[in-house]
Amino acid sequence: MNIEVVKSKIHRVRITGSDLNYIGSITIDEDLMDAANIIEGEKVHIVNINNGERFITYAIRGERKSGDIVLNGPAARKVAKDDIIIIISYATLEFEEAKAFKPSIVFPNENDNSLT
């Protein structure tokens with residue numbers, strides 16, 4: 001039996017911008033992606049603390065140490081600059097493996113999205 005579990009989580013980061021005319025996705029500072037074990041192209045769930053929106057998109061690398069969290073394409077309509085969001089990805093594991101699995105969870109500084 002397989003079970004879906006939280007694989008990665010970036011808890012409470014601030015939206016730094018949005019680009020409605022971009023193809024789609026969420027741009028994430030590469031340092032945050034590395035810390036949370038998220039790769040480019042990975043499906044991620046977005047939870048907006050400010051308005052309750054929940055949606056799915058995919059991650060693309062942003063500039064390292066930039067603090068960038070940018071929603072692109074149609075998802076840009078679901079956030080506003082300075083909204084606080086949670087970024088979550090999931091993995092499907094065998095049940096016994098899932099019981100021992102430890103997700104990568106990071107808690108950035110909400111003010112500038114840095115890891116320090």
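**Close-up views of a predicted model**

**View 1. M1, I3 and F95 make a nonpolar surface patch of about 300 Å².** Patch members have over 30% relative accessible area and no salt bridge, and nonpolar side chains (Val, Leu, Ile, Met, Phe, Trp, Tyr) are joined within 5 Å. A salt bridge would be a side-chain nitrogen of Lys or Arg within 4 Å of a carboxyl oxygen of Asp or Glu. Areas come from the Shrake-Rupley method with a 1.4 Å probe. F95 belongs to helix α2 (residues 95-100); helices are DSSP runs (H or I) of at least four residues, strands (E) of at least two. With a relative accessible area of 32%, F95 is partly exposed (buried is under 20%, exposed over 50%).

This is a predicted model, where local features need pLDDT of at least 70 and side-chain atom pairs count only at pLDDT 80 or more, while totals for chains, interfaces and linings use all residues. Residues are numbered from 1 along each chain, and side-chain values use heavy atoms, without hydrogens and water.

**View 2. Eight strands build an open, mixed sheet in the order β2-β6-β3-β5-β4-β7-β1-β8.** At its edges stand β2 (17-19) and β8 (104-106), each with a single partner strand, so one side of each has no neighbour in the sheet. Strands pair if DSSP finds at least two bridges between them.

**View 3. Here β4 (residues 43-48) meets β5 (residues 54-62) in an antiparallel pairing over five bridges.** Look for H45, whose bridge partner in β5 is I56.

**View 4. N113 sits in the segment after β8.** N113 is buried, at 3% relative accessibility. A polar atom of the N113 side chain lies 2.8 Å from the backbone oxygen of G67.

Terms used: Patches are made of residues with over 30% relative accessible area and no salt bridge: like charges are joined within 9 Å, nonpolar side chains (Val, Leu, Ile, Met, Phe, Trp, Tyr) within 5 Å. Buried means under 20% relative accessible area, exposed over 50%, partly exposed in between (1.4 Å probe, protein chains only). A polar contact is a pair of N or O atoms within 3.5 Å; within protein, one must be able to donate a hydrogen and the other to accept it, and residues adjacent in sequence count only if both atoms are side-chain atoms.
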